[in-house]
Amino acid sequence: MFNSYKIDGYFDEMLENGKEPRGHCKPFHEKINEVSPEELQSRYELAQSDFLRQGITFTVYSDNEGTERTMPFDFVPKIIPPEEWQELERGLMQRFDALNAFLDDVYHEQNILKDGIIPRDIVVNCQHFFHQVAGIDLPRRQHIFMAGIDLIRDDSGEYRVLEDNLRNPSGLSYVFQNRYVMRKVYPEFFNQYSVQSLEQQFSYLHSAMASLAPESSQNPTIVLLTPGVHNSAYYDHSFIAQRTGIELVEGRDLVVREREVYMKTARGLKKVDVIYRRIDDEFLDPLEFREDSLIGVPGLIDVYRAGNVSILNGIGNGVADDKAIYHFVPDMIRYYLNEEPLVKNVDTYLLRYEDQLNYVLDHLSELVVKHTNASGGYNMLIGPHATPEEIEAYRKQILENPSEFIAQPTIKLSRLPAFKEDRFAACHVDLRVFIFGGEKTHVFPGGLTRVALKEGSLVVNSSQGGGAKDTWVLEENPINV
Amino acid sequence: MLSRVADSLYWLTRNVERAENNARLIAVKLTSRLENANPIEEMNQNWYELIEISGFQEVFDQKYERSSDHNVIEFLLFSMENPNSILNAITIGRENARAVREIIPNELWESINSFYLKLKRHSHTPWTMDDVSDICELVKKESLLFQGIVEATMPRGDAYLFMEMGKHLERAEKAARILDVYYHKDLESYQNKEIVEYHHWWSVLQSVSGHEAYIKTYRPLIKSRNVAEFFILNAEFPRSMMYCIQKVRNAFVALEDGHVEHYSESLAQELEHLANDLYDFSIEEILGQGAHTFLQSFQHRCMTIGMHITKTYYLGEVVIP
């Protein structure tokens with residue numbers, strides 16, 4: 001099964017020096033070599049059908065009617081040794097705290113702008129910077145309830161942050177479902193390992209939400225606000241609501257009365273204290289943002305401003321996970337925490353600066369160029385894979401408005417084996433780690449490992465053919481082994 | 001509980017119940033064709049009864065030129081143009097379940113989701129009359145599994161009670177509709193009337209799976225009066241109109257903790273009147289006023305109760321001033 005497996009100068013997370021499994025992967029590697037390809041194939045099918053039966057799907061809007069699809073699941077887990085994880089955890093908490101401090105600062109005193117650490121115009125011209133929410137004091141000054149930070153490993157195996165998702169990061173439910181399916185379909189793979197459990201995470205999650213309630217509420221009513229069943233991440237929404245024991249509501253279930261938010265129950269109106277919203281800022285309140293939004297709640301922002309409801313994640317968080325502002329996160333860590341960043345950024349060129357623009361224009365065929373407003377792998381140029389015509393077309397786009405673009409070197413994303421019927425192929429992976437605020441910053445052990453199942457592809461997004469893997473963080477002091 | 005959630009739960013069980021009832025009716029028709037002494041007379045026109053029970057004759061007539069077996073069954077099983085088809089009911093039921101999947105047990109969601117996936121697969125593959133019985137069996141089994149999961153895993157709180165109301169109201173209304181259609185049928189024109197009549201009422205009982213329970217009460221003597229009494233007034237049979245209305249009423253009382261408030265007064269009254277009528281009238285009195293009149297009025301009262309449930313608990317699109 002591994003005969004045709006190629007390392008090709010990439011960092012392979014399972015194998016080193018050509019063919020040998022890394023120490024922490026050894027028992028797993030031995031185990032899969034014992035199982036016949038036919039057996040692996042039939043279990044693989046069992047796993048996929050389990051996802052379908054459970055309706056763990058996302059919606060693809062490729063044609064007129066949305067099609068439900070399951071995210072392909074690959075059973076080779078990403079295994080993270082405890083010391084590696086602890087270091088990452090520290091680095092991510094540091095980053096989270098700095099981003100949070102930045103958000104509180106830019107919506108209040110704006111010291112970081114006054115001190116010239118970040119150019120003011122990048123912040124105030126950012127489309128996700130909302131003056132509507134300036135000056136609001138959030139409970140615990142926490143703007144971020146949940147972040148989904150995307151990490152990659154470069155060709156030396158070093159972790160780097162690719163994106164800070166501080167608005168509505170999705171995928172938490174898949175972390176759990178991947179684990180459930182793994183335990184069910186491939187129980188013996190766990191034999192030699194002691195993997196950190198995910199089970200108690202939802203009680204942390206619930207108390208984090210409760211701790212961010214307005215001061216006046218003792219036993220807060222918490223709801224999760226979803227755009228509805230047709231949203232592509234609806235499964236994620238209902239899963240989180242179910243597991244944290246909160247009500248799943250749509251905009252039409254909520255109503256504002258005298259600067260309070262209520263939900264419409266079968267027995268009349270009931271006051272709501274905390275809204276974990278999974279609706280984008282622009283659609284939350286037609287009175288403040290987009291007038292045409294039908295999924296929001298008219299008057300909601302006014303209640304927020306009055307301090308009578310908490311909205312998680314905070315409104316206007318997008319200013320901190322903007323692709324251009326990303327460049328400055330290491331500076332934020334130094335500025336707010338007086339520490340050196342523990343997890344590096346990917347080197348990023350801001351094309352608003354002439355010298356960086358010129359460099360990028362000269363090296364387009366080597367770089368990845370992204371539009372600062374795009375997400376999900378859309379509308380980006382992957383230089384090494386692009387034709388000269390594509391590069392020229394993109395060059396035109398850049399020159400029209402250079403400040404809307406950033407560029408990064410092509411990272412040689414690390415790889416892991418993925419099952420392909422009769423063999424294993426080396427496929428690129430990244431890792432989305434979920435971090436949440438509240439009384440204190442907390443990191444979910446592991447996260448969502450996404451894999452580019454199309455061989456050679458660097459795009460791991462589920463909307464573009466990516467799949468998922470289980471992520472194991474090993475216990476420091478293994479029990480039961 | 002959110003009124004939107006209550007609405008979804010209420011319609012979830014109504015739709016599953018609807019699908020099951022349709023499957024029972026089709027299955028009974030299939031067997032009665034095999035057993036009937038007058039197979040020719042039982043032919044096409046009689047399939048049409050199922051369309052009458054479903055209440056969508058117009059849609060059917062527009063869609064098909066004639067009522068062949070295949071057309072009728074296609075319409076009842078899979079047609080998405082028939083609001084009452086089994087696939088439609090389960091598609092809607094599954095959407096209802098999906099909208100409340102954080103409220104219902106995961107097992108229940110999985111059961112209706114795989115129910116839907118199986119039906120969908122059948123609807124995409126060509127089928128013959130030989131497959132119909134299997135498909136009906138599948139629908140009945142999946143529906144019973146669904147109900148079993150509800151009974152075995154759901155706490156008897158608001159969610160359960162809304163589901164109870166939906167299920168039993170649907171069942172009561174459907175029982176009345178079935179009886180009404182069969183009562184309507186003119187058996188006089190048949191040659192060997194006695195046997196036809198026997199089979200006729202036997203199928204009616206089978207379509208609510210009541211044939212065995214009936215025999216225990218009335219012995220194997222099939223008389224229209226007794227069938228009507230069994231269908232309408234039997235307090236123990238779980239698909240009789242009396243039993244179902246009692247269940248709707250019990251769920252309502254539990255939901256309201258035994259109190260009647262201003263907002264629930266009209267619903268409470270409707271339920272009480274209907275339950276009392278069923279208690280007070282004997283089958284002779286009911287048949288005396290005309291079975292059709294009674295059954296029509298019963299169906300109408302079920303609809304009124306449904307409307308009051310919607311109003312009392314703000315089900316559906318809620319406009320709060």
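Q: Which residue takes a positive phi in the hairpin of S10(A) and S11(A)?
A: Glu258(A) does, with phi near 45 degrees. That hairpin has two residues between its strands. Keep in mind that the model is predicted.

Q: How many bridges hold S10(A) and S11(A) together, and in which sense do they pair?
A: Strand S10 (residues 254–257) of chain A and S11(A) pair over four bridges, in the antiparallel sense. Within that pairing, Val256(A) is opposite Val261(A) of S11(A).

Q: What about S11(A) and S12(A)?
A: They are antiparallel too, with five bridges; S12(A) covers residues 268–272. The two strands form a hairpin, with two residues between them. Val261(A) turns up again here, as its bridge partner in S12(A) is Val272(A).

Q: Is S11(A) mostly covered or mostly open?
A: Mostly covered. Strand S11 runs over residues 260–265 of chain A, and five of its six residues are buried.

Q: What joins strands in a sheet anyway?
A: Strands of a sheet pair through backbone hydrogen bonds, and the pairing is either parallel or antiparallel.

Q: Ok, what is the strand order in the open sheet that has S16 in chain A?
A: The order is S16-S19-S17-S18, four strands with antiparallel pairing. Strand S16 (349–350) and strand S18 (380–382) are the edge strands, each pairing on one side only.

Q: And S17 with S19 in chain A, how many bridges?
A: Five bridges, between S17 (residues 367–371) and S19 (residues 405–409), in the antiparallel sense. Val369(A) sits opposite Ala407(A) of S19(A) there.

Q: Zooming out, how many helices and strands are in chain A?
A: Chain A has 13 helices and 24 strands. Its radius of gyration is 23 Å, close to the 23 Å that the globule rule gives for 481 residues, so chain A is as compact as a globular protein of that length.

Q: How much of chain A is buried?
A: Buried residues make up 59% of the 481 residues. Chain A exposes about 19600 Å², and carbon and sulfur atoms supply 46% of that area.

Q: What is the phi of Asn338(A)?
A: Near 55 degrees, which is positive in a residue other than glycine. Asn338(A) is in the loop between H11 and strand S15 (344–345) of chain A. With a relative accessible area of 71%, Asn338(A) is exposed.

Q: And what about Asp8(A)?
A: Asp8(A) has a positive phi of about 55 degrees, though it is not a glycine. It comes in the segment before strand S1 (15–16) of chain A. Asp8(A) is partly exposed, at a relative accessible area of 49%.

Q: Last one, chain B. Where is Pro220(B)?
A: Pro220(B) is in the loop between helix H10 (211–218) and helix H11 (224–233) of chain B. Pro220(B) counts as exposed, at 52% relative accessibility. Not counting residues up to four places away in sequence, Pro220(B) touches Tyr198(B) and Ile215(B).

Technical notes
Residues numbered from 1 in each chain as written. Chains lettered and ligands numbered in written order. Predicted model: local features only at pLDDT ≥ 70, side-chain atom pairs only at ≥ 80, totals over all residues. Heavy atoms only, no water. Rg over C-alpha atoms; globule rule 2.2 N^0.38 Å. Buried < 20%, exposed > 50% of the residue type's maximum accessible area, 1.4 Å probe, protein only. Areas by Shrake-Rupley, 256 points an atom, 1.4 Å probe, with all protein chains shown as cover. Pairing = 2+ DSSP bridges. Contact = heavy atoms within 4.5 Å.
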